Amino acid sequence: MTAILHDGSTIEFTTYGPAGAPSLLLPVNPAPAVEGPETDQLRAWGADPALGHSLTQGFGEHFRVIAFDYEAQLQAHPKPTTLTPDNLVADFLAVADAAEASTFAYYGYSWLGLAGLQLALRTDRLTALVMGGFPPLDGPYDAMLQVTEATYELAGGPVSDQPVEPGDWDSTEVAMSKAQAQQFLTLYQSLRTFDDHAAQSHLSCPRLCIAGSADNIQYGERWRNAYVAIGEAVEKNRSRLEELGWTVALLPDLDHMQAMHADKILPIAEPWLREHLNA
């Protein structure tokens, strides 16, 4: 099954789970991981190559999961000047429409968690939001703009074949084309004036935030010394978020890669969604 996105490109999606269950929009690759050097490298960095498959299967026990690999689509069909919050939301709604989901919950992690917040601000079709790996208050928008500006400058250049020590973010290579990097620069430029404090009064659906307490990255000069504080922002604002209606789950001592694993997300998000969606 396919949906047509804002730039005219198409994206494949699959549905999984009970047909009559509440729908859950899930921007992940639902296919099992294919073993090889790439998956070995992902594991070395703390990632789970089978993450999308595990999330789809796990959430699919009680929800009608609509899974679509939006990140892969962006790599195959870059949107260098049009990946704005409005168009991002339009793409997600196009997938929901193609899947005949008049209402739906959403789970996203990292910048796709950020995308979920923008989605919640632009549609009344959202029944619940699970925002992982990105803080709902005091999000690192300026720092991510610094990182994406540096990424764009480095993109399209030669890439060394020398192995990088897992966790050494300053030495990572930018294996992106200019167009692939520019789309994320466009996104964060569009969010330069976004006020996530003012946005809170416009949110009405049930909301869950999940983050690792150690999810904070200090980049070096190559990345303009950006400091991306995610766990710190959630911890600092925890009481305020709860006052605003958020449920907050801060995972002790986990960094960005560790906190996104399915065995960390599912035990929190799945029962929370069932409770709020009566599934």
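Which residues does Gly-108 touch, not counting residues up to four places away in sequence? In this predicted model, where local features need pLDDT of at least 70, side-chain atom pairs count only at pLDDT 80 or more, and totals for chains, interfaces and linings use all residues, the partners are Gly-113, Val-130, Met-131 and Gly-132. Contact here means heavy atoms within 4.5 Å. Residues are numbered from 1 along each chain as its sequence is written, and side-chain values use heavy atoms, with hydrogens and water left out.

Gly-108 is found in strand S6; helices (H or I, at least four residues) and strands (E, at least two) are DSSP runs, numbered from the N terminus. With a relative accessibility of 2%, Gly-108 counts as buried, where buried means under 20% relative accessible area, exposed over 50% and partly exposed in between, for a 1.4 Å probe and protein chains only. Its bridge partner in S7 is Met-131. Between Gly-108 and Val-130, the C-alpha to C-alpha distance is 6.7 Å, although 22 residues separate them in sequence.

Strands S6 (residues 104-109) and S7 (residues 126-132) pair in the parallel sense over 6 bridges; two strands pair if DSSP finds at least two bridges between them. Both belong to an open sheet of 7 strands with mixed pairing, in the order S3-S5-S4-S6-S7-S8-S11. At the edges lie strand S3 (14-16) and strand S11 (246-251), each pairing on one side only. From one strand to the next, the twist averages 20°. Axes are lines fitted to C-alpha atoms, for helices over the stretch in contact, and angles run from 0 to 180 degrees between N-to-C directions. By that convention, helix H2 (residues 51-59), which lies across S3, strand S4 (23-26), strand S5 (64-67) and S6, runs at about 175° to S4.

Turning to a loop, Lys-79 sits between helix H3 (70-76) and helix H4 (85-98). Is this lysine buried or exposed? Lys-79 counts as buried because its relative accessibility is 1%. Beyond four places in sequence, the contacts of Lys-79 include Asp-7, Tyr-70, Asp-91 and Gln-183.

Finally, helix H12 (residues 262-277) has buried residues that include Ile-265, Ala-269, Trp-272 and Leu-273. Just after H12, Asn-278 adopts a positive phi of about 55°.
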